[in-house]
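Reader: I would like to learn how to read the features of a structure. Please take them one at a time, with the general idea ahead of the case.

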4 protein chains.
Amino acid sequence: MRKLRVGIEGGAGFTGGELIRLLLGHSRVKIAAVSSSTFPGQPVFMAHPNLRGRAALAFSRKLDYAALDALFLAGGHGDAMANVPAILKETGSRLRLIDLSGDFRLHDPALYPVWYGRKHLAPALLQKFAYGLTELNRAEIRRARWVANPGCFATAAALALGPLAGGGLAGIASVTAVTGSSGSGATPSLITHHPLRHGSLRAYKPFIHQHVPEVQQVLDRLAGRKALRLSMIPVSGPFTRGIYAIGQAELPKGWTADKVRGLYRRAYEGCAFVRLLDEPPSLNAVVGSNHCDVFVAIQDGRVGVISALDNLVKGAAGQAVQNLNVMMGWDESEGLAAPGHYP
Amino acid sequence: MRKLRVGIEGGAGFTGGELIRLLLGHSRVKIAAVSSSTFPGQPVFMAHPNLRGRAALAFSRKLDYAALDALFLAGGHGDAMANVPAILKETGSRLRLIDLSGDFRLHDPALYPVWYGRKHLAPALLQKFAYGLTELNRAEIRRARWVANPGCFATAAALALGPLAGGGLAGIASVTAVTGSSGSGATPSLITHHPLRHGSLRAYKPFIHQHVPEVQQVLDRLAGRKALRLSMIPVSGPFTRGIYAIGQAELPKGWTADKVRGLYRRAYEGCAFVRLLDEPPSLNAVVGSNHCDVFVAIQDGRVGVISALDNLVKGAAGQAVQNLNVMMGWDESEGLAAPGHYP
Amino acid sequence: MRKLRVGIEGGAGFTGGELIRLLLGHSRVKIAAVSSSTFPGQPVFMAHPNLRGRAALAFSRKLDYAALDALFLAGGHGDAMANVPAILKETGSRLRLIDLSGDFRLHDPALYPVWYGRKHLAPALLQKFAYGLTELNRAEIRRARWVANPGCFATAAALALGPLAGGGLAGIASVTAVTGSSGSGATPSLITHHPLRHGSLRAYKPFIHQHVPEVQQVLDRLAGRKALRLSMIPVSGPFTRGIYAIGQAELPKGWTADKVRGLYRRAYEGCAFVRLLDEPPSLNAVVGSNHCDVFVAIQDGRVGVISALDNLVKGAAGQAVQNLNVMMGWDESEGLAAPGHYP
Amino acid sequence: MRKLRVGIEGGAGFTGGELIRLLLGHSRVKIAAVSSSTFPGQPVFMAHPNLRGRAALAFSRKLDYAALDALFLAGGHGDAMANVPAILKETGSRLRLIDLSGDFRLHDPALYPVWYGRKHLAPALLQKFAYGLTELNRAEIRRARWVANPGCFATAAALALGPLAGGGLAGIASVTAVTGSSGSGATPSLITHHPLRHGSLRAYKPFIHQHVPEVQQVLDRLAGRKALRLSMIPVSGPFTRGIYAIGQAELPKGWTADKVRGLYRRAYEGCAFVRLLDEPPSLNAVVGSNHCDVFVAIQDGRVGVISALDNLVKGAAGQAVQNLNVMMGWDESEGLAAPGHYP
């Protein structure tokens, strides 16, 4: 069987490391090249010491797109919209693209500058990327050549709220979402300074995190109209990996616990990576894996939904591989079946 | 100046240790005795190694109430309602009591069995304890001889929401509150098993935590009616100390940011321990101190309120000392002025 | 290809969970049964929530040894020596046994009571188990049917010091070894109480940890005499997984850096899981994998050796699988090739 | 009583924050000014949020030395030797100086360039600073006007080994010392990047840490000759505060446990901040306080010594205040009596 030749652009970051780790265990893929502007010419284990002895790969400065069948863009936000037009010009529609940045997630060109605070460099392409929240958009991804991989908060919030929106719930969902420090990437900053982050919590960008509009876009599409509205406060947590999202909303009269649970069961029926639990999830039960654990509580007309996932796997690299699997018509779990370790 | 002779019942737990630590630095108080059924006869540093060389105190098996002016009850939930009737019989109304358990927080006798799952043993006393959320109930505490010290979640949630309730806001406040492991006490259990708690998060008792009704009682009293309703999901966090509460609510038309901020400024004017911030608080800036840091965000008709405190200090022992200060007519900051260390 | 039918006795602990996780990814093995006295009849994900949806296995109360080709004993220390005689009586020498407890590691029957504080129940079997420190005892393991899997501290210390002992170094190696909390197992205790362990360090059993004599046994055998002596102080660390061992010893005149590094290179040549580094290892680069990273520093006649491994993988379940692979003549990396995630 | 007017140069770092926190509680000192080149004109709580509402102080760009009685130099390593000559020229010997950097710790001018890799800018002053390891050099500090405050590793190692050196022990002490991340200061770097530091350990500068020669200088002076030699491997630990040092050495024939313990008892008799324990210390029992907990284990001719302290308090700001107290002839515990919180 000829393996798919994949490239990773910007492979020295945490997401790049996870892409390499996962793809090394993927039976239908060969990592053809990984680029890094920081580590050109050095072995990948210089950035990802877990891979020492496991991957005979070195970073290249640039990728040869012509030699690739598929390309993961794992560079910084803004890089993709700067580079994709040229890549497409060179490769036509032959190359499958999965962009892990925020550049191509919002279909409405008016939204990008509002939430990202700058002009979009390739607005004409915005509507041509499928939004890669696999479980909630599988049909479109299957037909896509270009996928915009969702944000980590967005994945957690959309998987938590999607079934409610799809079931027609309106009103406001109040979400608190706590993230691990790896979500801020491999470059040190005050936000990830260990003495300040250890044993602490800090909310940031209350109501105005840039992942809000991509969740809203998912919810609106599932509802077929503007109905359930996301109101989210993100929090920086004192751990390395994971998103833990806690949502609450008011239920209309007549929405019984059975009805609500039925929405979730149907939404995630046959989904290998969303696990519906009978009790609140533990974050450490999903870390290292592509799972998103979801729990629904109903009490006195309120619904609480809690979702837990690994921000670098289901919230980034794992979902990217899952989307590649869907695009290629492969088993969706290929390369992703290994559970994480616990505890 | 004759010092007040205080006793601590159940002083080997984390809250007991903090009471000793704080009272050692209190200029108007002498710790007369500390009891423990686990460590009778042993020096207090056996349970609280930070106090070695700092406190020449040993645990006694029983307290001699006749020798005390004030008593902190820091034993397990249920112990206070079992013992207080006998204590009062012995001491009359002479002894000042501050109960740190949940036993005397709810004034309505019908509520206790609903939220605590058992019969109250001294229901006639329930209305005779002042609820010790100092900043929101100072006048009553000043006149009280017996104080029910609030729960840690309750303190965080009530300080976050009180000004909104007092300002007349109705509707539902959706709160997520993350707690450190010390809130579960000194006895090991699966909830506090390090391999399971480290680097993880886990929600529990969604909507049904027993601190909810005491917050509701505060909010209703501040509003003068049933108006703002608390809907809370607690979360176990991977750190030792602190409560970090994140609340959201819908604002009525016309409630501007200025109006909302004004409510908080007026509510906490002159309060040494509630600090209103211009940005979301960091939990580690309050740990070790009696402060509660509060931040208010207003966006598109939504209000977000974030409060941070140390569950063992402002959420327990510190507020207990603060309440003693208020009852005695002393400077409210006496024994509590030292900031925590940072980071 | 007929798969080897393996059983796991005592599979609800952390080591049992890792055995299941690793064996699920092993191409030549089928997990026939997993026993637990705590969770009989329940799915394995009740104890190991990472495995939910990944393993259609339930715990049985007892194992049917006749249906097994190989058995991992992952119960508590003392269980193996109590049960193995009966198991052997039932199965003869047909069944391959890998005991993960401390029961069969010491060949000298006089040592067990000294270090474990009780009588050995099956002293006649002590010399019949091969000591399963794979890299340093591969030839014997290859011929063995019964293997005593090393302790986690022992693996870290022996891999750090073995090449020096093998090279003839005498004198004393002073070792500090820091362990994660998962080494204390799944049952909560004060040692693993999160509020006490978080952000702290605590040495224990200085010089007298029960893993010392098994390392000494390895060193003596490699040296062919009593030469290098281990002096170890273990430390409880504030993390879940890993052993980080730091050793120091005096070098004889003439032992150059080249000579010392050569000993390590030769000792671990061709070993997939021992990685020799040019700088001190990071513990998080080995967590989740079967690797042991080793670094050697030479300065002014002193040698420093630092080894890092995952106590539940290379220090327990992973090495057990590695030993099974060696016993069976399979590729030593089978089921163990996946790197851990980083960070 | 006229209070001593003290200034802090470089007060926006972690050590500066601790100096302010401790001096706020010091009855004989008034903080006259605190400088910072990063936060000039801003309130100190911008850098030290724990001090909000507790300190009505703002950072100044420069200090007016003429207005000070004592000065703490808490800037970066190298700043002190660059600035002290000019300060002394301006103030003569009137001003008491406590330098918290490494600039004036080594008396031998030849050592500085070897261990710090650069030329010393004021070598003539090196022998004029007393080395401020209070318990082991109190007499000299009492007479000094200028004190070089020890390094955090140095304090932990010297307090652990000093009594052995003073008692005449020769040979090599093998020390592993684990440090919290706050030791790297307030500026983010890869070493303190939370995703990499959390849950991990990493040794660095094995045998060649710059604190080694200052400990050696202490040991040699206590011994009156070159005898006990320090061989140290530092380790970065996954916690914010503390140094945990584990030392081992060989005892000569006839050095009984009683003799060794006697050395420690005599060395630290009457010392309020060194607590000799009967079991290994827990790091969290000293964090936030000026204590150093020490435990000695003797076994089969080996001695193990374990010391635990807070790197920012006894390892920096606390010991600096202690030294000021000694210089001024005040109670050594003034401003330092408050225990840290536990857990």
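**Reading a strand, a sheet and an interface**

Author: C:Leu228, C:Leu230, C:Met232, C:Pro234 and C:Ser236 point one way from S10(C), while C:Arg229, C:Ser231, C:Ile233 and C:Val235 point the other way. Each of these residues is buried. Please note that this is a predicted model.

Reader: What is the general idea behind the two directions in a strand?

Author: Along a regular strand, side chains alternate between the two faces of the sheet. In this case, nine of the nine residues of S10(C) are buried, so the strand is largely enclosed by the rest of the structure.

Reader: Which strands pair with S10(C), and in which sense, parallel or antiparallel?

Author: Strands pair through backbone hydrogen bonds, and the pairing is either parallel or antiparallel. S8(C) pairs with S10(C) in the parallel sense over nine bridges. In that pairing, C:Ser174 has C:Ser231 as its bridge partner in S10(C). S9(C) pairs with S10(C) in the antiparallel sense, over two bridges. There the bridge partner of C:Ala203 in S10(C) is C:Val235.

Reader: What is the strand order in the open sheet of seven strands of chain C?

Author: The order is S3-S2-S1-S4-S5-S7-S6 in chain C, and the pairing is parallel. Strand S3 (59–60) and strand S6 (130–131) of chain C are at the edges with a single partner strand each, so one side of each has no neighbour in the sheet. For S3(C), the pairing with strand S2 (residues 29–35) of chain C is parallel, over two bridges. C:Ser35 has C:Ser60 as its bridge partner in S3(C).

Reader: Which strands does helix H9 (residues 313–328) of chain C lie across?

Author: Helix H9 of chain C lies across strand S1 (4–9), strand S4 (70–73), strand S5 (96–99) and strand S7 (146–148) of chain C. Its direction is at about 155° to S5(C).

Reader: Let us turn to domains. How is chain A divided?

Author: Chain A has domain 1 (4–150 + 314–328) and domain 2 (153–311). Their C-alpha centres lie 24 Å apart. The contact between them takes 20 residues from domain 1 of chain A and 26 residues from domain 2 of chain A.

Reader: How should I read the relation between two copies of a chain?

Author: Two copies are related by a rotation about an axis and a shift along it. Here a rotation of 180° with 0.0 Å of shift along its axis superposes chain C on chain D, with an RMSD of 0.0 Å. These two copies are thus related as by a two-fold rotation axis. Chain A can likewise be laid on chain B by a turn of 180° and a shift of 0.0 Å along the axis, with an RMSD of 0.0 Å.

Reader: How many residues does the contact take from chain C and from chain D?

Author: It takes 37 residues from chain C and 37 residues from chain D. Among the elements that give two or more residues to the chain C side are strand S8 (171–179), strand S10 (228–236) and strand S11 (243–250) of chain C. That side divides into 21 nonpolar, twelve polar and four charged residues. Of the interface residues of chain C, 100% are also interface residues in chain D, so the copies meet through the same surface.

Reader: How many residues does the contact take from chain A and from chain B?

Author: The contact takes 36 residues from chain A and 37 residues from chain B. The side of chain A that touches chain B has 21 nonpolar, twelve polar and three charged residues.

Reader: Is B:Lys253 buried or exposed?

Author: B:Lys253 has 5 within 10 Å, so it is exposed. Its place is in the loop between strand S11 (243–250) and helix H8 (257–267) of chain B. B:Arg266, in helix H8 of chain B, is exposed with 11 other C-beta atoms within 10 Å.

Terms used
Residues numbered from 1 in each chain as written. Chains lettered and ligands numbered in written order. Predicted model: local features only at pLDDT ≥ 70, side-chain atom pairs only at ≥ 80, totals over all residues. Contact = placed C-beta atoms within 7 Å. Helix = DSSP H or I, 4+ residues; strand = E, 2+ residues; numbered from the N terminus. Nonpolar A, V, L, I, M, F, W, Y, C, P; charged D, E, K, R; others polar. Buried ≥ 20, exposed ≤ 12 C-beta atoms within 10 Å, placed from the backbone. Domains from an automatic or database assignment. Least-squares fit on C-alpha atoms with pLDDT ≥ 70 in both. Pairing = 2+ DSSP bridges. Axes fitted to C-alpha atoms, helices over the stretch in contact; angles between N-to-C directions.
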